[in-house]
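Student: Hi! Could you walk me through this one?

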Amino acid sequence: LRNNSLTGEIPPEIAELINLTSIDLSYNQLTGEIPAEIGELLNLNYLKLNFNLLSGAIPSTFLDLSNLTFLDLGENLFSGTMPEIIWELSSLETLSLTQNEWDSNPIPLEINNLSNLTILNLGDANLIGEIPEELFNLSNLDYLNLGFNQLTGSIPSEIGNLVNLSVLDLKGNQLSGEIPIEIGNLINLSDLNLEDNQLSGIIPEEICN
């Protein structure tokens, strides 16, 4: 039902469609909260709600979506702290929380639980603080976007652990120090963006790898 100029709230009756495995309501003008009843869709593995006007809390019933591999809540009006529930969805392979109205918070250490992630989009998510080493345990990552936040500190040398990355986007932060030589380990990179930071020193020759 994407891109249909739908308005109003997501009806709780959606939970009666018990065999649904995929929901795409993106690019509409849906408002209100995500209904708690969505947690009754135990077969759901794909939930795409980006580009709406959704707000409020993420329902605790998300914990029942043990088969969920794709979750996109980007480009909405969700606010407050990023919900801890999301970091418990260990089956997730794709997660996007970009461009909401989250409070300023560091990247949660619990992100370490999402070991199956291949795509992580936390761009423009009002993140602060340093990039935690727990992030570099997500060895399956292919796409990592942390751009347009207020991240500080250096780019950790552990970035070299993410050898499957094809896209690394750190633009528009306050990262400082030198580019680590370990970036040369990322031999699958097709897109690297480090612009609009406070990096210094030489560009390491290892980047030519």
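Student: What classes of residue make up the lining of the largest pocket?
Tutor: By class, that lining has 10 nonpolar, 2 polar and 2 charged residues. Nonpolar here covers Ala, Val, Leu, Ile, Met, Phe, Trp, Tyr, Cys and Pro, charged covers Asp, Glu, Lys and Arg, and the others, Gly among them, are polar. This is a predicted model, with local features needing pLDDT of at least 70 and side-chain atom pairs 80 or more, while totals for chains, interfaces and linings use all residues. Numbering starts from 1 along each chain as its sequence is written, and side-chain values use heavy atoms, without hydrogens and water.

Student: And what volume does the largest pocket have?
Tutor: About 200 Å³. Of its 14 lining residues, L1, L6, I14, I23 and L25 are the closest to the centre. A pocket is an open set of points on a 1 Å grid where a 1.4 Å probe fits, with protein on both sides within 12 Å along at least five of seven lines; lining residues have an atom within 4 Å of a point.

Student: Which strand gives the largest share of that lining?
Tutor: Strand β2, residues 22-24, with 3 residues. A strand is a DSSP run (E) of at least two residues.

Student: New topic: where is N126?
Tutor: N126 sits in the loop between β11 (119-121) and β12 (127-129). Its phi is positive, about 60 degrees, although N126 is not a glycine.

Student: What about F148's phi?
Tutor: F148 also has a positive phi, near 55 degrees. F148 is in the loop between β13 (143-145) and β14 (150-151).

Student: Why does F148 count as partly exposed?
Tutor: Because its relative accessible area is 48%, and partly exposed lies between buried (under 20%) and exposed (over 50%), using a 1.4 Å probe and protein chains only.

Conventions. Points joined across faces, edges and corners; volume = space filled by probe spheres on them. Helix = DSSP H or I, 4+ residues; strand = E, 2+ residues; numbered from the N terminus.
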